[in-house]
Amino acid sequence: MKKMNAAVLTQYRKVEWKQADIPEISGNEVLIKVSYACICGSDQHVFMGEFHPRTTLPLIQGHEFAGTIVETGPDVKNHKTGDRVAVDPIIWCGHCPACLRHHYPACTTLKLVGIDLDGGFSEYMKVPENMLYKVTDNIPDEHAALVEVLSIGFHACKRAKVKEGDRVVIWGTGKVGQSILQALRTKTQNTVIMVDILDERLAIAKNAYSDIHIINAAKENAVDKVKELTDGEGVDIAFEAVGHTLDLPGVVNPVRGCIQSIRGGGTVCVLGLSSEPSPIVMKELIWKEGIIMTSRVSHGEFAETIDNMNRGILKPDAIVTDIMHPSETQKAFEMLEEEPHKHLKILLKFKQ
Ligand SMILES: [Zn+2]
Ligand SMILES: [Zn+2]
């Protein structure tokens with residue numbers, strides 16, 4: 001067996017940079033030489049052991065990555081050696097009630113490369129051809145690795161049916177909130193407001209899009225401020241991308257804040273993966289005949305993301321705070337945990 005280097009989660013909270021077998025391909029699979037991978041919030045949960053029932057150790061994590069095809073299986077039809085590709089990491093079953101309705105992100109047994117099976121934090125990775133999206137020459141490798149996370153934003157916009165002229169608030173300026181912002185700016189040029197309690201993250205959004213409004217919910221009443229910025233009317237759509245409820249005095253719960261921020265007949269789209277109950281008051285939603293809905297991962301938005309990236313409309317660099325060698329994956333996880341205000345997207349650079 002030929003060997004490669006990989007960042008292997010050998011115990012929870014312990015990633016080792018060590019030798020592993022280069023995967024052998026067959027059938028419709030290709031072997032990819034990974035150029036860049038990036039660390040996702042869910043990777044952090046896996047690292048800490050919070051996805052325990054789904055993960056078996058040792059595990060090579062990573063579902064956000066891109067690279068170049070170096071070998072193709074005998075049944076591969078549409079790709080060849082040398083093609084640069086981004087990888088859609090989702091594996092759905094195709095026959096559960098959701099899949100039968102083409103609602104793949106809600107597949108009952110949805111699996112993700114890098115969580116349920118080995119992923120892209122390795123020099124080489126095998127992937128079936130149907131998970132590949134070709135990347136155009138205009139897109140550098142480090143941006144190709146960000147297609148997955150940005151596609152989450154495009155999927156959320158599709159779910160919430162964002163259209164030109166919509167006024168929108170995004171609660172949470174982490175990786176998901178920033179991805180929604182980038183997708184959103186391809187859909188509506190009207191008022192966009194970002195809410196968070198970390199000034200550093202609000203600044204990342206504002207630096208990338210100077211025409212947006214930012215609100216620090218720890219310093220001012222975010223709902224009042226949203227109303228003020230929308231002529232007292234409220235927004236058409238509110239995205240919730242916080243995912244946890246911090247009991248901060250005077251800070252409104254994010255989902256409830258979204259409900260209070262929409263106009264009559266508006267939509268709240270929730271993406272934040274919280275394990276705790278969200279204290280919401282249904283009357284506040286029903287009074288507005290508001291819609292509350294959710295969005296998870298992406299489906300089919302890779303092509304739209306690559307197209308927008310190719311045309312130079314997105315700002316992938318805005319969300320990258322660090323580029324590190326994959327042998328430092330352990331350190332990267334620790335940085336994200338200890339100083340969340342300082343780091344957003346960490347890229348692991350595999351290419352020499
Ligand atoms: Zn991710
Ligand atoms: Zn399914």
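R13 is exposed, with 12 other C-beta atoms within 10 Å. The terms work like this: a residue is buried if 20 or more other C-beta atoms lie within 10 Å of its own, exposed if 12 or fewer, and partly exposed in between, with C-beta atoms placed from the backbone. R13 sits in the loop between β1 and β2. Its phi is near 70°, a positive value in a residue other than glycine. Most residues other than glycine have a negative phi, and most peptide bonds are trans.

The model is predicted: local features need pLDDT of at least 70, side-chain atom pairs count only at pLDDT 80 or more, and totals for chains, interfaces and linings use all residues. Residues are numbered from 1 along each chain as its sequence is written, while chains are lettered from A and ligands numbered from 1 in the order in which they are written.

Two strands pair if DSSP finds at least two bridges between them. Strand β1 (residues 3-11) and β4 are joined by two bridges in the antiparallel sense. Across that pairing, V8 stands opposite I60 in β4.

P58 lies in the loop between α1 (41-47) and β4. A cis peptide bond joins L57 and P58, with omega about -5°.

Now take the whole chain. The protein chain has 11 helices and 18 strands. Helices (H or I, at least four residues) and strands (E, at least two) are DSSP runs, numbered from the N terminus. The radius of gyration of the protein chain is 20 Å, close to the 20 Å that the globule rule gives for 352 residues, so the chain is as compact as a globular protein of that length. That radius is taken over C-alpha atoms, and the globule rule is 2.2 Å times the number of residues to the power 0.38. Along its principal axes, the C-alpha trace spans about 65 × 40 × 40 Å. Of the 352 residues, 45% count as buried.

Contacts tell about the fold too. Two residues are in contact if their C-beta atoms, placed from the backbone, lie within 7 Å. Among contacts between residues at least 6 apart in sequence, 74% join residues at least 24 apart.

How is the chain divided into domains? Domain 1 takes 3-145 + 315-349, and domain 2 takes 153-294. These bounds come from an automatic or database domain assignment. The centres of domain 1 and domain 2, taken over C-alpha atoms, are separated by 29 Å. Nine residues from domain 1 and 10 residues from domain 2 make the contact. On the side of domain 1 that touches domain 2, four residues are nonpolar, two polar and three charged. Here Ala, Val, Leu, Ile, Met, Phe, Trp, Tyr, Cys and Pro count as nonpolar, Asp, Glu, Lys and Arg as charged, and the others, Gly among them, as polar.

Next, helix α4 (residues 147-159). Its 13 residues reach 18 Å from first C-alpha to last, close to the 18 Å expected at 1.5 Å a residue. The expected span is 1.5 Å times one less than the number of residues. Is α4 mostly covered or mostly open? Mostly covered: 11 of its 13 residues are buried. Among the buried residues are V147, L150, F154 and C157.

K161 is partly exposed, with 14 other C-beta atoms within 10 Å.

Further along, V251 lies in the loop between β14 (235-240) and α8 (254-261). V251 counts as partly exposed, with 18 C-beta neighbours inside 10 Å. V251 and A222 are 29 residues apart in sequence, yet 8.0 Å apart in space, C-alpha to C-alpha.

The tour ends at strand β18 (residues 345-349), where four of its five residues are buried. Three bridges join β18 to strand β3 (residues 29-38), and the two run antiparallel. There, C38 has L347 as its bridge partner. Strand β17 (residues 320-324) pairs with β18 in the parallel sense, over four bridges. In that pairing, D322 stands opposite I346.
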